[in-house]
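I opened this model to see how its pieces pack together. My notes follow in the order in which I looked things up.

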Amino acid sequence: MKENLQQWVFVFNPYLNEWHAAMRKDMSDLWNNHESKKVLKSKNIKTLENLILKYGDIDTINCSI
């Protein structure tokens, strides 16, 4: 469901050439703690979108990968 994407924030890091994504409730980790398990990272934004659309929230994603 595309609605799952509403609760996520995506940021591109040009220095690392990768996308970072976190749920809105975890936005502070997105900006301050990129090593957090609450931040997803990928070179391709579509990979992040597919994970989010398939699993929905960060806890389910972390249990699945």
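Entry one, helix H2. I listed the buried residues of H2 and got Leu 48, Glu 49, Leu 51 and Ile 52. Buried here means under 20% relative accessible area, with exposed being over 50% and partly exposed in between, for a 1.4 Å probe and protein chains only. Helices (H or I, at least four residues) and strands (E, at least two) are DSSP runs, numbered from the N terminus. Looking down the axis of H2, I found its buried residues within an arc of 165°, so they line one face of the helix. The arc is taken over the directions from the helix axis to the C-beta atoms. An α-helix has 3.6 residues a turn, so residues three or four places apart point the same way. I then looked up what the buried residues of H2 pack against, and the list was S1, S2, S3 and H3. Contact means heavy atoms within 4.5 Å.

A note on the source. This is a predicted model, in which local features need pLDDT of at least 70 and side-chain atom pairs count only at pLDDT 80 or more, while totals for chains, interfaces and linings use all residues. Residues are numbered from 1 along each chain as its sequence is written, and side-chain values use heavy atoms, with hydrogens and water left out.

Entry two, the ends of H2. At the N-terminal end I found Asn 44 as the cap, with a side-chain oxygen 2.8 Å from the backbone nitrogen of Lys 46. A polar contact is a pair of N or O atoms within 3.5 Å; within protein, one must be able to donate a hydrogen and the other to accept it, and residues adjacent in sequence count only if both atoms are side-chain atoms. The backbone nitrogen of Asn 44 is itself 3.1 Å from a polar side-chain atom of Ser 42. Just after H2, Gly 56 has a positive phi of about 95°.

I placed Ser 42 in strand S3, residues 40-42. Ser 42 is buried, at a relative accessible area of 13%. Beyond its neighbours within four places in sequence, I found Ser 42 in contact with Glu 18, Trp 19, Thr 47 and Leu 48.

I looked up the largest nonpolar core and counted 10 residues, among them Ala 21, Leu 40, Leu 48, Leu 51 and Ile 52. Such a core is a set of buried Ala, Val, Leu, Ile, Met, Phe, Trp, Tyr and Cys residues joined through side-chain atoms within 4.5 Å. Strand S2 (18-23), helix H2 (45-55) and helix H3 (58-64) each give two or more residues to this core. H2 gives the most, with three.

I read the strand order as S1-S2-S3, an open sheet of three strands with antiparallel pairing. Strands pair if DSSP finds at least two bridges between them. S1 (8-13) and S3 are the edge strands, each pairing on one side only. Six bridges join S1 to S2. Phe 10 has Ala 21 as its bridge partner in S2, and Asn 13 has Glu 18. S1 and S2 form a hairpin with four residues between them, and Asn 17 in the turn has a positive phi of about 55°.
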